[in-house]
Each structure stands twice: as C-alpha cells, then as structure tokens.
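Morning, everyone. Please have the model open on your screens, and follow along as I go.

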Amino acid sequence: MPMLSYSAPTTIDEAVSVLAGANGTAKVLSGGTDLLVQLRSGRIQPDLIVDIKRIPGIIGIRQDPGGFAIGAATPCILLTEHQGLKAAWPGVVEAAGLIGSIQVKGRATLAGNLCNASPAADSVPALIAARATCVVAGPGGRREVPVEAIATGPGRTSLAKGELVVEFRLPKRPPRSADAYLRLIPRTEMDIAVVGAAVSVTLEAGGTCTEARVVLGAVAPTAILVPEAAAALVGHRLDAETLQRLDAAARRACKPITDKRGTIEYRTQVAGVLARRAAGIAFARAGERR
Amino acid sequence: MATMGTQGQFKVVGTRPVRPDGVEKVTGRAAFGADLSLPGMLVGKVKRSPHAHARIVSIDVEKARALPGVKAVVTAADFPEIASEEAFVGEGPMNFRDLSCNCMARGKVLYEGHAVAAVAATSSAIADAALDLIEVVYEPLPHVIDVEAAMAPGAPLLHDDLITQGVDPAPRTPSNVAKRVHFSLGDVEAGFRAAQVVLERRYTTKPVHQAYIEPHACVASAGADGQCQIWCSSQGQFMVRAYCAKLLGLPISSIRVTPAEIGGGFGGKTLVYLEPLALALSKQSGRPVKMVMTREEVFRATGPTSGAVVEVKIGATRDGKITGAQAVLKYQAGAFPGSPVQPGCMAAFAMYDLDNVSVTGYDVVCNRPKVAAYRAPGAPIASFAVESCLDELARTLGLDPIALREKNAAKDGTRAVYGPIWKDIGYVETLQAAKKHAHYAAPLGPNQGRGVASGFWFNIGGESTAEVHINEDGTAVVVSGNPDIGGSRASMAMMAAEVLGIPVERVRPIVGDTSSIGYSFLTGGSRVTFATGMAVVQAAQEVVGELKRRAALILDVSPEAIEWRDGAAVPSDADPGRFAPLPLAAIALKAGRTGGPISAKASINAQGAGPGFATHLCDVEVDPETGQVKILRYTAIQDVGRAIHPSYVEGQIQGGVAQGIGWALNEEYIYDANGRLENPGFLDYRVPVASDLPMIEAVMVEVPNPRHPFGVRGVGEVPIVPPMAAVANAIHAATGVRLADLPMSPPRVLAAITRATT
Amino acid sequence: MSKHHVSTTINGEPVEFLCETQQTLLDALRDELQLTGSKEGCSSGDCGACSVIVDGRLVCSCLMLAVEAEGRRIETIEGLAQGERLHPVQKHFLEAAALQCGFCTPGLLVAAKALLDRNPSPTETEARYWLAGNLCRCTGYDKVIRAVMDAAAEIRGE
C-alpha cells in the first residue's frame, strides 16, 4: 500500500530541495482546500505532501512604498481584514473574499487558488487585472513573473519540478485608480464562478479612463486578459456607448464550454453583463479617489 | 375518541418548552449513526458500478479476500435470492426482491453507483484497497434515463419480465413502464366542451435528492448465537429489522435494531441500503462492522425522487369555474418500479371541487438510482404543474389567483378524484388567511413579482405503540417506537404531560429499540404526532384511570368519587371538598402497596388522519440580465389542525418551504452522456444556503382534526408542495415569462427572458 | 507504516494522538479522540458540519490534515459549554427551536460563536453570509438566524 509522506520544511530553500528531490509526485500544501478534496476523492495520488506553512514569512501581508507583498500561504480571510489592502485593491480583496465559505477562506490561499489552475478561480482575474506578480522559488533561484504566466490550462501550471510560488506582489497604485471583481453564481454563496470579470482602471481628473485592464474568468481554459475590452475603455468615460463596446468585446473574447455549471451561450452573454457592471464599480471607486 | 378541550384550555399543548433532546444536540453529545464505536469493529465499504446499465459477467473477490486486514467480502451470492413479493414495510411501493437487488446487484447493474460487492476490513485504507482488488467484468448495455425516452418503443429494457400493470389487456411484451394508474370523476371531455377557455400545458422536472446532511450510517453486530444487533439512523427501526430479516433470511426476533439520532431523512431513510450489507459482513467476519456512506455515495446510490413530465389541461368558464381538468403524469421510478406517481395523481387536484376530472399516471423504470420517498412523494411535482397552469388560467381570465382558487375550493363534502369525501378540512381557511395577510398587499418594485400556489397532503395514521410508566417519584417516562425527525419526541412528552396534568419537565420521552417497545410503523407520512401521539394519549389516559383507582384505595373512597385534575385526584363535582387533592407523586409513592407498578401500553392502528392544505405567497426579484432569482419574501399558510409545539410546526413549514425553493431554483441531478452523475456533491448539487433565503413566515391556521384527541393534523409534508409553483408564478409576474421546466436556474431563466424579448 | 505523533491543544487541554498523513483533522477528532460532536457531512468542505476553530479561525476540519494540528489551538463543539453553563448561542438555539435533527447544529454553533467573537453586532444579512458555509436541510435557517441575533443581543448585554 503506497504510503503518503508529509514534510513541513522551515525555509524556502528546504522546500525547494524537498520538492526537487522527491521520488514520485510531490504536492505543495498551502491552504489545502483544493488539495484535500482531490486527495480524498482519489483524483490525485501523490507520494509526498510538502506543507509550506511553517516557513517564516510565507503567511502575512506587508505594505511598503512599492506596493504590497502577500505571503503565498496567507489565508484569504486575512486579505479581507487588511484595511490597507482593501483600500488600495478592493477588487483583489473582494475576489479573494468570494472564495468559498468563511471556513474555506480561513485556510484557502492565493497560491493555492492560482496553482490549482481552475479556469474559474476567483482571485486570478483580479490579480491579473491588478498587474500582480508572483515570486517563484526553485532550484534555479528566484524569479518574478506576472500572475498570468502561471496557469497554462485547467489543472496545469508552468511551474517546473521543485518550483513553488512564495509571494504575490501588487504594485503601487497611481491616483484615481481602482479595481472591481464580480462573478456570477447560481446561489448567493458557495458556488464556483460560472463567469468572473475583473476590471482595473485609472482615470484622469475629468473621469476619462487613461489605463484599463479587463480580465475574464471561467470562460476559457485559463483566465483571459482582454486587451480589446480595455481598449474600449481607454480614452473614454463610462457612457452607454462605451459600455456597449465593452460588452461586445468581452463577449467576443469568450471561449467557454458548456458544462454542469453553465452553457456557452449563458457564459458569453453574462461575461458582457459582468464586464459592464464591474467597470461601473471600478470607475465609481476610482472617481472617489484623489 | 373525543377531541379534548378547546384553544386556551391547555396547560402544556400549544406552549414551547425546550426539546428534551436539545442539550445533547447543542453540545455535540447526541449519538448519530456514525458516532458509535464498538470493540473490534471493522470498517465496511461498498464497490459500486461505474456503468449506468451493464450485465455482470463475473466478480472475482479472491485478491480482496487475501489482503491482510480484510475480514469479510460479500456479493449477491452471499444473500438469498428472493422471489417477487410486495412489501408493506416502508413508505411507498416496494418489492422485497427489488430491494434485495437494489442493496446488492444480482446479474445486472442498473445505475451508476449500484452496489456489486462489499468488504469489511480493519481500517478504512485497507477497505479501500480491497475494493480496488475486486475484479468485476461488465458487459455495458445501452442505458436510458429520461422518462419519455424510457417509455418509447425500442428503449433499452431494464427488466425483461416487467409487464405494465394497470393496462387491460396486459401487454404481451415487457417494457420500462411498470404501472399505469388512472383516477376519474364525471366526464372530462364534456367538461372541456363546456369550457370557454381551455389551457393545455406541459411541464418537466428533474430528479432531486432529499439531501439530508447526515450520510447513511450503521453499525451491525452478529453474534455467534445468531442474535444480531443493528445501530443505525433511519426513519424506522422496525422497518430496518423487517427488511434485514427478509433480505438475509433471518427470523425477525433475532434482530434488534436500536435507532440512533437521525440527521435528516425526509423520506430518504425509509428503506435500507447499508444495513443488510453490514449484517452480512458481520456474520462472515464475526465482528461488528460499521458502514458510513460518503456524500458521493449518497448522491450516486440512494434514491432521489422522480424526474417527471406532467401534461395538464384545464378548462373553465369565464367566471373562473373549472369545468374540466386532466393531467397525465410520467414519473421516473429509477432502477426498480415504485415511483410516487399514484399519490401524485391523487394529490394533483385535491384542493379543488371538480365534477369532471381525469388523472393518469405512468411509473417508468430507468437507469438511475431507485426512487425513495421525498416529503409528500409525488405531490410537489404534480402541484408544480397544476398550480402553474391555474396561475396562467387566472391571468387569462383576468382573475385574482386566490379568487380563482376560492371559486373552485374543496370544502367539507367535496369528493376527491381518488374517492374520499372531505370532512373537517381547512383549505378555504388558508386561502382566506392568504388574502388578508399583509404580504398580499405589500407593494412591489421593478423586476419583482408575486406568486400564489396551493398544496395538499394526505397524511397517514397507521400502527403505533406507546407506553407510559410512572416512576416512584411521580415523574413519568413515555416510550414510543418512532425516530424523532422533527421534534416529535417533545410533542409526545407534551401530550402525555397534558393528560397526566403534570409539568412537561417531569415527563421523559424515549424512543425505544425494536425489542423494548411494541411495533410502530415508521416515521413518515406526517404520522407521528398524529398516530403515535394518539397512542401516547391513550396510554396516558389509561394511566390516569389507574391513578384514580389507586387514589380511591388510598383515600378509602369509591372510584366514582374521584376525578383527575391538574395532576391530582380530586373529589368529583358531586361531592366537592370530600378530601384534599392527592397529587400524582403521592400516589406513585404508594404504588407497590396499592397494586404494583403504574403503567399502561397502547397499541393502535390510528385511523382518521386529517389531510393538510396550504396556500403560499412568494415574492421574487429577477435580474433580467443574468436570470438570477432572489426570494424576497415568503409566507406559508397552512392548516395544521392543532400545533402541539408551535415552534416545531413552524420549523416543519419553514424547512419544507426551503426544500421546495431549492427544488424550484437550482437542485437537479445532472447526468452525462454515459449516464454518470456529474454533480454528486454539495458543490454542484445546490441546496439553498442561509444567504439564499429570507425569513420564512409560517402562519398556522388551526382547523382541528376531530379524530385526534388534541385535534392534531400531520404537518411535515404539505409545506414542500406549493413552493415550486409559487416561485414559478412569481417569476412570471416579475418578468412576463412562464417557466415550465425545473429547475429555474439562472441560465434557463435568462434564456427564457431572451427568447421572449427577441 | 509509521504514523505522525501530533501534540496539540483541544478545548484548552493538551492532547496527543497518532495519525497517518491522509487522515484529516476531522478523522482524528472522531476516530482517534472520540470527539464525535464534529460531523462528517460531505468531506469536501461544502457543508460545514465539521466546523471547528483553529487559532481563532473558523475552518472545516475535513479540509485540514490531522498532522497540521501540531502546535495549534483547536476549539470544537465539545468545548463550547463550560460544564453545565451553555454558551449564549447554545442557549438561544434551544429557546428559539433553531434545531430539528441536530446534525448540522454543532457546526452551526461553532460558526456562530466565531461570528460573534469577531462581530458582536451582525446584521441579519451579515449573519446569513457568514453562515452560508453551514448547510441545514431541516430548518430553512429562519430560526437559526433569529437565535444567532438573539444570542448577539445577549452577549452585547441588551
């Protein structure tokens, strides 16, 4: 009977070494809210679990002049309680705050949400819209990559053997910038997103958008950055025409599937709706900032 | 027996004491099916079919048997082959042969998840490994799940000996239609000819699961002397005993079943799945065996209710009088016959006084788990269709939906389509209360709408036994044989306390095991407070009679000089003041000297269960861009007969409404092209969560049932009958769009809105 | 097969147990420590019946490995009452008849306690969203929410 081993390294280098040197499959245990479910159902059958939570600094949120650094194993509930993060990145925080129940948020982490690579992961569109990066530690050292470089398809990442995400970084915010994340679920809680939309904008004093990023979730194998949707916003105020162009651009970018959570038609239609609504919130928030 | 007292005269009945099992439950001490451990206990697990329909070519268990730690392995070969025989043990139609084959597949697997073997081992991990070592060779067969596809000629056949009953002449070839039922009154074609408006509509529903939070669990222990003990959570310990005895070929007296606390049943635990397997494994291994289903197993292998197609035709004159009503109900039975299509047919128009009505039902087998009862089995589906159609009729005629129902309401003297003449029913009272309720007049905003729907359930009586014992200190114990799934134990104590005249805190209610209390039919059919309550009252009244006789001895007066009041023997009105009241405790103290222990037993087959009626009001708000539906406000008005413990009656109403809302909006079984269930978990089988619902106002109208000493009417099932139509009607009011297919999930609502606006 | 030795604190008491890697904290509580108050409803973190509090955070014990409990401070339903003195949420659940079958009740009570520890004045909506991770199939949540609001009022001293 295969024995499942457990390791709890106390430094990043030790974690890298354990992962790189593992015989058979090794899985990183961060929050565990995806891993344990997959373990229980037999969907994954690793030989080794590497619990990274004992590494100092891997849990915590640091604010400095350059922005924010969030330890990879920080439970999402902590993000929702961090006033500074909420003020600067309300969209990222509300996205993390939508991951499962309070119980799930007490454990679930951004690293797990990202590396589990579900197309419907809630935090990912918001992080990409925010131009977040993640620090990857591996046998070759550390590298910092945009969040969108990690997931390559459902359940697949670009991480090599021995690599793990150790930190997320959010850049400093220019004035009159804000983000927002909305998702559609059939109930009011506890569902995987059928569609997710993240919008991050910067406005100039008159309310015209000078910079935008629009990212859709659950409508393609990974979260997708939609440059055409951003282009619909840049140089414009959020008027009816802009919203219509945004809606259309969002719909055109969708490559969804029909599954037990939604149909192609539904996801496409709602992607446009959510993009409009998220843009509305982001613009309103940005307009309130000096 | 005569109804006792009137409103306001009761000391205990109608109050809200804390339930006797409450502290146990809020401290985590209450013992549910999976909470028991016995020395030497093994873990049992089940191997299940990955195919929706297949012939079992061979099963080889030798490698599993040889694995260290495995102590027993069973397949169908370890169970007696049972001939076809109707069982009158549980709720709904059941055949012993079918139940046996459902518990352990014989020859064929008929649904994904169908049990083919079971093992018992010294640990969970070893049991899992043993399952992987069992080699089953299947010959997959074409499968069919949709009810109409299963009825169509040329459909894959589940049972080659299934000849449709209820058709004359009987068909010569087998099919998937197990039974046809038909009820009618008058001449429905004439009724349609007399109508000025005729609506003909088709409705569909998907299978939904009872979704109790506690998975099935049991511990079985077979002794070397053949004496067997089973500890399980179920809706009927006597049902478990009877089914296990039959399925294993054992005498009933050799099995003792102790009911654990049950974590929800709603009809889904009125039969057995694990208990016969655990018992067989225990016999083979000589050790106790615990079996607990995973959530996935609960969804894949236990009975959700039917998915269905219902075609309704209603004709009326312009003033709203229904002149003809017809319905054809096609219900999935799952792998074996026994859908609730018959009660569905009977309940469909039960709220209405109709001269011309025809209802036909088809019980259709298909490759999904065998249907189990789910709260008012059959009626919610039928009412979704009929109450939606009536709503459309009201709008077509420009009539208020409550007024339409009042015009056609069943009253005392109305004959129901399935035969009985109503007496002492409270349907009209619920309509009147709905009309007067503040909810009905409350203003609505944009994208909001209000729906009305009514419901009915028969409620049953049946066999129950109860005992009342007086302890030496004057406290009492009430023993009955019905698992408590909704607070019935509190009501038993309250009724006994009322009759005995003592505070309810001095009465301890116990649910006995099968060897400690006489036979009781299971907990279901909204019967316990009615039937078991009746037995409790009868036993308590006999105890009072005995207390009076003992008092006469103690006081040295004749028994005619004594009455029982407020828990004491008092002088009868003919001779007041003759002696000071002699309280129960004082009589109990002298029990030994006056004749021995004071107790009584009542074994009854309770008749006269009163049917229940309800009218519900539902307000929704629909997001026209996403199809999401929010329930804003819900009022459920129900004739409850007499609420023994009002909080628990309210609780039944609120719980039933919540299940109905889930059924209406998001719950459904989703199958892939291979007949495999895609959503066997609470993530994608979407029951309502706390943030999905508003407060649910339960309005209890009391039209006492004169055939129960306290006027009790069953209450637990009616509440799930109206919500689906109430929600559908509200969505129509909010959007102008009529949804006839459940569930009304956001994609379906949005698609309907989009179709309507393009 | 060698097991992990775990030292932890449960309801204020130091506790030790042995476990295999794949056992969850819920498995350890129920099977190794006979603390059967926390229930298994789904094993996938979707029903909340297994809710416990770890280092002050509400979590599903089925989503934690038993070995992760090392050095942590765990509170379960068994620790909610102080002897015969019930916690206000327990008391109000009883008075408001906020339980029927009682299976989801331990998880709901632990979740409610966690809510009121953090927010003694929740609105009805806040309470509903906080408790969305605790499924109840019997009550329709109405009396549950009322009980939580009443308990909050008592804790606030009203």
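Let's start with one residue: is B:Ser49 buried or exposed? B:Ser49 is buried, because its relative accessible area is 2%. Buried means under 20% relative accessible area, exposed means over 50%, and partly exposed is in between, with a 1.4 Å probe and protein chains only.

Some ground rules. This is a predicted model, where local features need pLDDT of at least 70, side-chain atom pairs count only at pLDDT 80 or more, and totals for chains, interfaces and linings use all residues. Residues are numbered from 1 along each chain as its sequence is written, chains are lettered from A and ligands numbered from 1 in the order in which they are written, and side-chain values use heavy atoms, with hydrogens and water left out.

Back to B:Ser49. Find it in the loop between β1 (42–48) and β2 (54–60) of chain B. Those labels come from DSSP runs, numbered from the N terminus: helices are H or I with at least four residues, strands are E with at least two. The side chain of B:Ser49 reaches the backbone oxygen of B:His51 at 2.8 Å. That is a polar contact: a pair of N or O atoms within 3.5 Å, where, within protein, one must be able to donate a hydrogen and the other to accept it, and residues adjacent in sequence count only if both atoms are side-chain atoms. Leaving aside neighbours within four places in sequence, B:Ser49 is in contact with residues including B:Val109, B:Tyr111 and B:Tyr138. Contact means heavy atoms within 4.5 Å.

Next, B:Asn679. It sits in the loop between α19 and β26 (696–701) of chain B. B:Asn679 is buried, with a relative accessible area of 2%. Which backbone atoms does its side chain meet? One is the backbone nitrogen of B:Ile670, at 3.1 Å. Another is the backbone oxygen of B:Asp684, which lies 3.1 Å from a polar atom of the B:Asn679 side chain. Beyond four places in sequence, B:Asn679 touches residues including A:Lys260 on chain A and B:Tyr669 on chain B. Now look at B:Glu296: 383 residues separate it from B:Asn679 in sequence, yet the C-alpha atoms are 8.7 Å apart.

Over to chain A. A:Asp51 belongs to strand β3 (residues 48–51). A:Asp51 is buried, with a relative accessible area of 2%. Its side chain joins that of A:Tyr6 in a polar contact of 2.7 Å. The A:Asp51 side chain also reaches the backbone nitrogen of A:Lys53, at 3.0 Å. Among the residues A:Asp51 touches, beyond four places in sequence, is C:Glu68.

That takes us to the interface. How many residues of chain C are in contact with chain A? There are 33, and they meet 27 residues of chain A. The area buried there is about 2500 Å², with 61% from carbon and sulfur atoms. Buried area is the accessible area (1.4 Å probe) that two parts lose on being put together, summed over both. C:Arg57, C:Leu63 and C:Glu68 supply 23% of what chain C buries against chain A, more than any other three residues.

Now the empty space. Rolling a probe the size of a water molecule over the atoms shows where empty space is left. On a 1 Å grid over the protein atoms alone, a cavity is a set of points where a 1.4 Å probe fits but cannot get out; a pocket is an open set with protein on both sides within 12 Å along at least five of seven lines; lining residues have an atom within 4 Å of a point. Points are joined across faces, edges and corners, and a volume is the space filled by probe spheres set on them.

The whole structure has 13 cavities of 30 Å³ or more. The largest cavity holds about 530 Å³. Of its 37 lining residues, B:Ile485, B:Gly486, B:Ser526, B:Gln652 and B:Gly716 are closest to the centre. α19(B) gives the most to this lining, with four residues.

The second largest cavity holds about 110 Å³. It has 15 lining residues, and among those closest to its centre are A:Ser118 and A:Val124. Its largest share, three residues, comes from α8(A).

Last, the second largest pocket, at about 970 Å³. Its lining has 37 residues, and those nearest its centre include A:Arg187, B:Gln628 and C:Tyr129.
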